[in-house]
Amino acid sequence: MRIPAFLLIAQWALLLALSLLVIIMYRQLAKVFGQQQPKTDHGPPVGTKAAAIEYVGLSDDAPGYFVPGVQPTIVAFVEPSCLGCEKLVTAINTADDIGELTGLRVLLLMSDPPKYIQISDAFKSTRQEIGRIMSRATVDAYGAVATPLLIAINASGIIQAAGPVNDISGVRSFIQKCHLPVPDSMLPVISVAEASTEKSGASTRDSHPTGIRGE
Amino acid sequence: METLILLGAKAAVAATLLIAGGAKLADISGFAATTRLFMPWRLPRLLTRCFAVGAAVTELMLGALSLSSPSVRWLNLVIFAVTLLFLAIASLGYALHRGRSCRCFGALSQRRFDARGIARSAAIAAIAAVAIPGAPTAAIRIDAPERTALAIGAIMLSLAAFTAASSIGTTRATESRLTAR
């Protein structure tokens, strides 16, 4: 049996056209789920000043306001509905049980409805302060595009570490970073001339406590 | 060889018409907006929509007929005329609405009225012109079952184009919603 030439060619044309559509679809899929998606930073940049956080306390429904720079703080963006977050809260609870959180403030921030706490044993049993995020600005300021996100803030209110952590070793490392001093890059830069002027002024003041400068 | 080129050109233009028609039907509001650009007078929205649907269905019919009835020679001439119309629209779009989306393939492409669009339309018209003489009867004689199979293939292709265009349109809309959030 002889197959007409047009039938052969038409079949190939149909096949190629369908293949083209498949390629277009996969390209679109790659755009939506893949590498062409704009890269967003997860967590705030280290070394920057932490933003204040407005929240509602889950235990008393009272509005809370976290101002960085009072004491070393661990802030965790967690949701009871997320498995990684449950692991992180468990790790924080373990660190608390061992006494590693002494001198630290811990703030767990979530956006799930409050009743979701009931689905997670770690959240139910934690002694840490849990707050519900009040504004989108908080999420944006901390780059909390995904959970879990742990942030270490030192006593000066500077972010020392930020990232997705869900085990005790990670939590320990963040606790240590909370106690770090202000990084050198954050210290104010003074020019040599200014420094020498200040130094001579200081020595003058030292030698002349009354403020009368020498001739 | 000459026959193969003739038949290849005919099949390629038919497949293009099927994809374009299916994709336009998936985003008929968008295509209606483009057709409104070329209306010298303001037509009611429903009428413009009907016109857009008519244009897309005509493309589909021509593509399906060309693929399943290769022996109808006058169809080659009609298809060539249609591709010339596309070329005229692309040129007019370039002159009057440069940079606006042409929606020639619905959401499948984001081509605009530009010089490359004119070149593409000219290329399609040239391919359609190649198919005008028609191939020898022996090469295009197909029986009813084969004709039916090709018609089914044509319907499948236009359905695939419709589905692809509508899902791409949906993901683009979702993307922009997420960005705006």
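How many helices and how many strands are there in chain A? Chain A has six helices and seven strands, where helices are DSSP runs of H or I with at least four residues and strands are runs of E with at least two, numbered from the N terminus. The model is predicted, so that local features need pLDDT of at least 70 and side-chain atom pairs count only at pLDDT 80 or more, whereas totals for chains, interfaces and linings use all residues. Residues are numbered from 1 along each chain as its sequence is written, and chains are lettered from A and ligands numbered from 1 in the order in which they are written.

**View 1. Elements of chain A.** Read from the N terminus, the order in chain A is α-β-β-β-α-β-α-β-α-β-β-α-α. Of its 215 residues, 30% count as buried, that is, with 20 or more other C-beta atoms within 10 Å of their own, C-beta atoms being placed from the backbone.

**View 2. Contact between chains A and B.** Chain A contributes 15 residues and chain B 26 residues, with contact meaning that C-beta atoms, placed from the backbone, lie within 7 Å. The chain A side comprises 14 nonpolar, one polar and no charged residues (nonpolar: Ala, Val, Leu, Ile, Met, Phe, Trp, Tyr, Cys and Pro; charged: Asp, Glu, Lys and Arg; polar: the others, Gly among them).

**View 3. Helices H2 and H3 of chain B.** The axes of H2(B) (residues 28–37) and H3(B) (residues 45–68) come within 8 Å and cross at roughly 105°, the axes being lines fitted to C-alpha atoms over the stretch in contact, with angles from 0 to 180 degrees between N-to-C directions. H2(B) and H3(B) are therefore roughly perpendicular to each other, the term covering 65 to 115 degrees. Among the residues making this contact are Phe31(B) of H2(B) and Phe51(B) of H3(B).

Technical notes. Parallel < 35°, antiparallel > 145°, perpendicular 65-115°, else oblique. Contact = placed C-beta atoms within 7 Å. Buried ≥ 20, exposed ≤ 12 C-beta atoms within 10 Å, placed from the backbone.
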